[in-house]
Amino acid sequence: MIGTSSGAADKRVTLRAGLNSGRLQRLPGAFSPLVAKVVAEAGFEGVYVSGAALAADLGLPDIGLTTLTEVAGRGAQIAAATELPTLIDADTGFGAPLNAARTVTALEDAGLAGCHLEDQVHPKRCGHLDGTAVVPAEDMIKRLRAAVSARRDPNFVICARTDAAGIEGLSAAIDRARAYAEAGADMIFTEALTEVAEFEAIRAAVDVPLLANMTEFGKSPLLSARQLADIGYNVVIYPVTTLRLAMFAVEAGLCEIESSGTQFDLLDRMQQRSRLYSLLRYRDYNEFDTNTYNFTLEGMQS
């Protein structure tokens, strides 16, 4: 009951199987373990941990300020919350190729099912901002080879992200994608594509699983899961969606309390106490050890 019945190795097998299933794997972003639990209950195939959302949750911009320790620690908490496999954003691997190798070992130890590494210069920035820069393809290949060589569990998925499309053009991004796949990447993530035709071109050019980023307010069109599946993508992430939904509600609610002096009119827009307790499995904990968890749930207010 405490923890999950599936271990990290099992979750990695699940992610691998999903990539090869012919069905689109949908991975909403979770910025906390509690959000991951909702993702699982909603019926999605996996969980994604966004570097941008993690940085924002720490009150930081997404410009490479977070550390491997912070990312691995938060990733471990989120991965342990559900039976689903969790894919995490590992930025540039936090430094040189040797750092990328250490990143993979740390994320494996943290129970993640996979990660993606990108070809931006270090420190990186959000891929949907202007002014991003990429390292030479040869440098990224060294980064990937180091990461792949450090992998101990062959089912740990290493995804290569390229930000070259908006910098060097789509043709260069395709060349990089092919080279990264040859270097050992299990999946390719081409960031900030701007039209459907670009998604189709990447699929036609690359013979490995593909990941699509459906982030709001960015450079890419918001394609539906059906559209992405029809194109032939294997994974779609919604990296910051849950954070944006939550923060919009938080800001609106605080404004209401500040102006009216009470949260009474917000009650129908809140998760009820009973629902939170259900997600957290209060009743199961109570039944597990009534000598320690001897509280009463019946009659508690919502």
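Me: Which loop is Arg-281 found in?
Reply: The one between α11 (273–280) and α12 (282–288). Those labels come from DSSP runs numbered from the N terminus: helices are H or I with at least four residues, strands are E with at least two. Bear in mind that this is a predicted model, where local features need pLDDT of at least 70, side-chain atom pairs count only at pLDDT 80 or more, and totals for chains, interfaces and linings use all residues. Residues are numbered from 1 along each chain as its sequence is written, and side-chain values use heavy atoms, with hydrogens and water left out.

Me: How do you know whether Phe-94 is buried or exposed?
Reply: Its relative accessibility is 15%, so Phe-94 counts as buried.

Me: What makes Asn-213 buried?
Reply: Its relative accessible area is 8%, so buried is the label. Asn-213 belongs to strand β7 (residues 210–213).

Me: Which residues is Asn-213 in contact with, leaving aside neighbours within four places in sequence?
Reply: His-128, Phe-189, Glu-191, Ser-220, Ile-237 and Pro-239. Contact here means heavy atoms within 4.5 Å.

Me: Why is the link between the side chains of Asn-213 and Glu-191 called a polar contact?
Reply: The term needs a pair of N or O atoms within 3.5 Å; within protein, one must be able to donate a hydrogen and the other to accept it, and residues adjacent in sequence count only if both atoms are side-chain atoms. The two side chains are joined at 3.1 Å. The Asn-213 side chain also reaches the backbone nitrogen of Thr-215, at 3.4 Å.

Me: Why does Thr-190 count as buried?
Reply: Thr-190 has 6% relative accessibility, so it qualifies. Thr-190 lies in strand β6 (residues 187–190). Beyond four places in sequence, Thr-190 touches Thr-162, Ala-165, Ala-173, Ile-202 and Leu-211.

Me: At what angle do α5 and α6 pack?
Reply: Helix α5 (residues 97–109) and helix α6 (residues 137–150) make an angle of about 35 degrees, with axes 7 Å apart. The axes are lines fitted to C-alpha atoms, for helices over the stretch in contact, and angles run from 0 to 180 degrees between N-to-C directions.

Me: Which residues of α5 and α6 meet?
Reply: Pro-97, Ala-100, Ala-101, Val-104, Thr-105 and Glu-108 in α5 meet Lys-142, Arg-143, Ala-146, Ala-147 and Ala-150 in α6. By class, this contact has seven nonpolar, one polar and three charged residues. The classes: Ala, Val, Leu, Ile, Met, Phe, Trp, Tyr, Cys and Pro are nonpolar, Asp, Glu, Lys and Arg are charged, and the others, Gly among them, are polar.

Me: How far apart are the axes of α7 and α8?
Reply: Helix α7 (residues 170–182) and helix α8 (residues 196–205) have axes 10 Å apart, at an angle of about 35 degrees. Leu-170, Ile-174 and Arg-178 of α7 make the contact with Glu-198, Ala-201, Ile-202 and Ala-205 of α8.

Notes: Buried means under 20% relative accessible area, exposed over 50%, partly exposed in between (1.4 Å probe, protein chains only).
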